[in-house]
Amino acid sequence: MFRNSIAMVAAALVAVMWLGPTPVRADDDDPGVYLRLAEGIAQPLDEVVRTLEAALDGAGWNVLTTMGGGVVEDRCEHRSHVVVAYKDSHRDRLMQYGNHAAFAVPIRFVVYEDEKGVGIGSTNPMNLNRTIVDEESEPETWADMAADIRAVIAGAYPSFVSAQEYGQRRGNARIGRTFGIMAGGRFTDKFKEVVTRPANGESALTAARAIFESLPSGGDWEWGIKPVYLLDLPGNDVALVGVSGRPMEAKAAGIVKHGGVDERENMACPGIDHAAAFPVAISVAVMDGELQVRLVDVMFRMKMFFEDAGKMAFAQNMGMPGSIEDEIKDKVRMVLR
């Protein structure tokens with residue numbers, strides 16, 4: 001079936017080749033996938049990461065993990081780090097919408113180096129929460145969450161604050177299909193089954209902890225997927241396991257390039273600011289006595305975070321999301337047999 005899908009996309013690609021690599025754009029006033037929080041900080045990256053962690057802690061956020069991000073190593077000497085964090089008040093508000101909202105709870109901050117110095121970005125709830133949590137909401141519904149994110153950086157680096165957004169700007173909450181056939185639709189229709197079996201008294205946290213502690217890391221795996229955080233949401237008997245891998249992160253950064261932003265086009269590794277797309281979250285839940293481990297369709301997820309790479313880039317890398325998805329599923333199933 002996957003090969004047939006590739007053939008369909010190839011045929012569509014020929015038919016629409018005149019579209020070129022230009023990303024689909026919305027109005028400039030529509031929210032971007034990411035918030036650019038600070039630019040040009042004249043400190044070492046590691047120091048900025050420590051300052052961000054302390055600022056988050058001081059503002060009442062819970063830091064789940066800090067991880068180094070993958071870059072296109074053959075042409076980029078810059079580095080990035082991702083800090084995953086959440087606020088209790090955000091978590092409580094989001095989870096009232098249902099278990100699917102768990103995917104919106106962790107906010108991913110990226111600290112990255114580029115030719116300007118050190119920058120900080122994050123995922124943008126004014127864009128993503130409309131897709132993930134509630135399609136009927138407006139960007140303004142989530143403006144207070146975005147303000148909470150910006151306030152952390154304004155307190156830590158008031159002289160370097162940026163008010164910009166970047167990534168795909170979307171006027172619609174629902175993501176459309178590329179070429180009419182690829183990776184669009186309602187978020188809640190995009191869950192892929194990883195494991196479904198009787199819970200036998202096992203809680204979501206117990207199963208998630210098994211994944212977090214025992215996910216295979218050695219051997220010949222293409223994307224190097226490994227666990228990086230565990231988030232328990234006991235009020236809903238849901239837990240998230242965040243997973244990532246340097247080869248996946250580097251490949252994605254190389255594909256998105258400058259994301260259509262002219263001022264970043266000639267940078268050594270312009271896509272480094274998109275590292276906030278990762279980690280990937282795996283949902284573990286117990287529903288009516290059944291253990292359900294779910295993953296968001298990886299092609300759809302790539303569309304969420306990297307649509308500004310352009311239509312042609314997606315068509316040329318059709319095999320990547322399925323390969324990542326298979327590796328995650330295979331590893332989880334080795335743990336939860």
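User: Why does Arg79 count as partly exposed?

Analyst: This is a predicted model. Arg79 has 36% relative accessibility. Buried means under 20% and exposed means over 50%, so a value in between is partly exposed. Arg79 therefore counts as partly exposed.

User: What makes Arg79 and Asp46 a salt bridge?

Analyst: Their closest N and O atoms are 3.3 Å apart. The cut-off is within 4 Å, so the pair qualifies. Arg79 sits in the loop between β2 (61-69) and β3 (80-87), and Asp46 in helix α2 (residues 45-58), so the contact ties together parts 33 residues apart in sequence.

User: Why is Asp46 called partly exposed?

Analyst: Its relative accessibility is 33%. That lies between the 20% and 50% limits, so Asp46 is partly exposed.

User: How do you know that Lys192 and Glu325 meet in a salt bridge?

Analyst: The N to O distance is 2.9 Å.

User: What makes Arg197 and Glu202 a salt bridge?

Analyst: Their closest N and O atoms are 3.2 Å apart. That is within 4 Å, so the pair counts. Arg197 is partly exposed, with a relative accessible area of 21%.

User: How many salt bridges does this rule give?

Analyst: The count is 20.

How values were computed
Residues are numbered from 1 along each chain as its sequence is written. This is a predicted model: local features need pLDDT of at least 70, side-chain atom pairs count only at pLDDT 80 or more; totals for chains, interfaces and linings use all residues. Side-chain values use heavy atoms; hydrogens and water are left out. A salt bridge is a side-chain nitrogen of Lys or Arg within 4 Å of a carboxyl oxygen of Asp or Glu. Helices (H or I, at least four residues) and strands (E, at least two) are DSSP runs, numbered from the N terminus. Buried means under 20% relative accessible area, exposed over 50%, partly exposed in between (1.4 Å probe, protein chains only).
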